[in-house]
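Q: I am new to this structure. Please show me how to read its features, one at a time.

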Amino acid sequence: MGSNTPRRANNGRRSGVRLSAEERREQIIQSARRIFQRSGLAGARTRDLAAEAGVNEALLYRHFDSKEALFEAAVATPLEEAVTKLVQLSGAPPTEFDESGELMHQRTYQFTYDLLGAMEEIAPLLGIVLFGESEHATEYFRRRIEPTLKQIQGVVEANLPAWPHRTFDARLIVEFLMGMAWFTTLSQRLGGHERDRSEVADAIAAMILEGLRAHDPGPAES
């Protein structure tokens, strides 16, 4: 005879498999995003966050000191992972001058593609944290977003000598790219403007690099 005890959905968890601490933390983060997107930070209850992840509240607090810390991790993690990948794949400048700019296009495309994927996970939550209480938003931006922007800027500047370009403000380009990725994702989600992520990434990379490219190919401007 079957048991009358209801079965809880596993929410993507691997039944019967013991998760490592890192895997459990990621599972909690992924589950928390669903609660935060439905209820916001203020409306999300700790017990609901724990239940969604299939853990008890004590275990939740072993990984995160507070609901706010979990929320910040849920927003920051995908973006930080995309930047880590960027640094790994694009941190070393080309050894030869890339006159065609093709390699730079490939690198910019790949990061934009990964960034759009990250935004698909966090775009609404990023709005909650940045347009919430002003002091918290400022502190969060400076502690979690600013280092990410500086990492991206560092990669851009490291690759400047390798391709023909106009003189430009690297920080401004980084902010431009982040804004495009965020709003494009929100437009698709909230406005129903479905687009292929690969095509969007390619278009954004082309717009940025063609706009920055030097008119007369040759040694890059300093």
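This is a predicted model: local features need pLDDT of at least 70, side-chain atom pairs count only at pLDDT 80 or more; totals for chains, interfaces and linings use all residues.

**Reading the model**

A: Asn159 counts as buried, at 2% relative accessibility. Buried means under 20% relative accessible area, exposed over 50%, and partly exposed in between, with a 1.4 Å probe and protein chains only. Asn159 has its place in helix H6.

Q: Which residues does Gln153 touch?

A: Contact means heavy atoms within 4.5 Å. Gln153 touches Ala170, Arg171 and Val174, not counting residues up to four places away in sequence. Gln153 lies in helix H6, residues 134-159. Helices (H or I, at least four residues) and strands (E, at least two) are DSSP runs, numbered from the N terminus. Gln153 is buried, at a relative accessible area of 18%.

Q: What should the 16 residues of helix H8 span?

A: The expected span of a helix is 1.5 Å times one less than its number of residues. For helix H8 (residues 197-212), that should be 22 Å; the end C-alpha atoms are 23 Å apart, which agrees.

Q: Which residues of H8 are buried, and which are exposed?

A: An α-helix has 3.6 residues a turn, so residues three or four places apart point the same way. In H8, the buried ones are Val200, Ala201, Ile204, Ala205, Ile208, Leu209 and Leu212. Seen down the axis of H8, they fall within an arc of 145°, so they line one face of the helix. The arc is that of the directions from the helix axis to the C-beta atoms. Glu199, Met207 and Glu210 are exposed on the other side of H8. Helix H5 (102-130) and helix H7 (170-191) are included in what covers the buried residues.

Q: Which members of the largest nonpolar core touch the most other members?

A: A nonpolar core is a set of buried Ala, Val, Leu, Ile, Met, Phe, Trp, Tyr and Cys residues joined through side-chain atoms within 4.5 Å. The largest one has 55 residues, and Phe36, Leu70, Phe111, Leu115, Met119 and Met178 touch the most other members. H5 gives the largest share of this core, 12 residues. Among the contacts of Phe36 are Leu41, Leu49, Leu70, Phe71 and Ile128.

Q: How many salt bridges does the structure hold?

A: Side chains of opposite charge can pair when their charged atoms come close. A salt bridge is a side-chain nitrogen of Lys or Arg within 4 Å of a carboxyl oxygen of Asp or Glu. The structure holds 11 salt bridges. Arg34 forms one with Glu52, the closest N and O atoms being 2.8 Å apart. Arg34 lies in helix H1 and Glu52 in helix H2, so the pair ties together parts that are 18 residues apart in sequence. Arg34 is partly exposed at 30% relative accessibility, whereas Glu52 is buried at 15%. Arg34, Arg38 and Glu52 are linked in a network of salt bridges.

Q: Which residue forms a salt bridge with Glu146?

A: Arg171 does, with the closest N and O atoms 2.7 Å apart. This pair links distant parts of the chain, with Glu146 in helix H6 and Arg171 in helix H7, 25 residues apart. Glu146 is buried, at 17% relative accessible area. Arg171 counts as buried too, at 19% relative accessibility.

Key. Residues are numbered from 1 along each chain as its sequence is written. Side-chain values use heavy atoms; hydrogens and water are left out.
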